[in-house]
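I opened the model to take notes on it. The entries below follow the order in which I looked things up.

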Amino acid sequence: MKASEAQEIKLLMKYPPIEKMDASLSTLVACTHLSLSTNTIEKIANLSALKNLKILSLGRNNIKSLTGLEAVGDTLEQLWISYNQIEKLKGLSQMKKLKILLMTNNQVKEMSEVSYLSNLPCLEEVLLVGNPVYERMEAAGEMNSYRQEVSLKCKKLKKLDGIPVVREEE
């Protein structure tokens with residue numbers, strides 16, 4: 001099968017590691033699940049030809065920003081991006097169909113960044129464990145207010161940090 005016909009592409013733990021998402025990604029037009037985890041990628045790029053992409057796995061790279069995701073904003077349902085150096089969530093704003101966001105062990109420090117999750121109308125599951133904002137809330141004994149704030153911002157959220165979200169009947 002040609003790469004252009006494959007629906008699932010896994011290029012994890014390559015040696016030498018993949019350093020950037022280059023223009024060769026544009027050949028993966030049928031791809032619905034792209035995994036580039038455990039490489040040394042620093043920037044999300046060249047996704048515009050991936051019109052069928054539903055799952056993007058970029059965990060364990062050196063990514064610092066979520067810019068570059070706009071190209072798959074109409075199709076992406078799951079973003080697995082744990083173990084990177086992401087501080088800001090603004091780049092998620094265009095993700096109209098995103099249901100699952102796994103971004104443990106990044107560098108999100110401020111609760112104000114978590115507010116960007118409210119722009120994701122389909123978001124059902126979020127993992128933020130291991131981010132400074134989570135660690136700070138946990139250390140301060142404020143997990144209830146953290147959970148409440150995130151679930152209020154994300155109306156369809158069903159699971160937060162591995163724990164089901166229980167909503168009172170309105």
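**Pocket**

I began with the lining of the largest pocket, where helix α3 (residues 143-153) gives the largest share, 5 residues. The model is predicted, so I took local features only at pLDDT of at least 70 and side-chain atom pairs only at pLDDT 80 or more, while totals for chains, interfaces and linings use all residues. Residues are numbered from 1 along each chain as its sequence is written, and side-chain values use heavy atoms, with hydrogens and water left out.

Helices (H or I, at least four residues) and strands (E, at least two) are DSSP runs, numbered from the N terminus. A pocket is an open set of points on a 1 Å grid over the protein atoms alone, where a 1.4 Å probe fits, with protein on both sides within 12 Å along at least five of seven lines; lining residues have an atom within 4 Å of a point. I noted a volume of about 350 Å³ for the largest pocket, counted as the space filled by probe spheres set on the points. It has 13 lining residues, and Ser 151, Val 165, Val 166, Arg 167 and Glu 168 are the closest to its centre. I sorted the lining by class and got 5 nonpolar, 3 polar and 5 charged residues.

Buried is under 20% relative accessible area, exposed over 50%, and partly exposed in between (1.4 Å probe, protein chains only). This core has 47 residues, and Leu 79 is one of those with the most contacts inside it. α1 (111-114), α2 (132-139) and α3 are the elements that give two or more residues to it. Leaving aside neighbours within four places in sequence, Leu 79 is in contact (heavy atoms within 4.5 Å) with residues including Leu 56, Leu 69, Leu 92 and Ile 100.

**Helix α2**

Which residues of α2 are buried? I found Val 133, Tyr 134 and Met 137. Gly 141 follows α2 and has a positive phi, near 70°.

**Single residues**

I checked His 33 in strand β2 (residues 33-35). His 33 is buried, at 12% relative accessible area, and among the residues it touches, beyond four places in sequence, are Gln 7, Ile 55 and Trp 80.

Lys 2 is exposed at 54%, whereas Ser 4 is partly exposed at 27%. Ser 4 touches Thr 27, Val 29 and Ala 30, residues up to four places away in sequence not being counted.

**Backbone**

Most residues other than glycine have a negative phi, and most peptide bonds are trans, so I listed the exceptions. Tyr 15 and Pro 16 are joined by a cis peptide bond, with omega about -5°; Pro 16 is in the loop between β1 and β2. Asn 46 has a positive phi, near 60°, and lies in the loop between β2 and β3 (55-57). Asp 161 has a positive phi, near 55°, and belongs to the loop between β7 (159-160) and β8 (163-164). Is each buried or partly exposed? Asn 46 is partly exposed at 37%, and Asp 161 is buried at 11%.

Methods:
Ala, Val, Leu, Ile, Met, Phe, Trp, Tyr, Cys and Pro count as nonpolar, Asp, Glu, Lys and Arg as charged, and the others, Gly among them, as polar. A nonpolar core is a set of buried Ala, Val, Leu, Ile, Met, Phe, Trp, Tyr and Cys residues joined through side-chain atoms within 4.5 Å.
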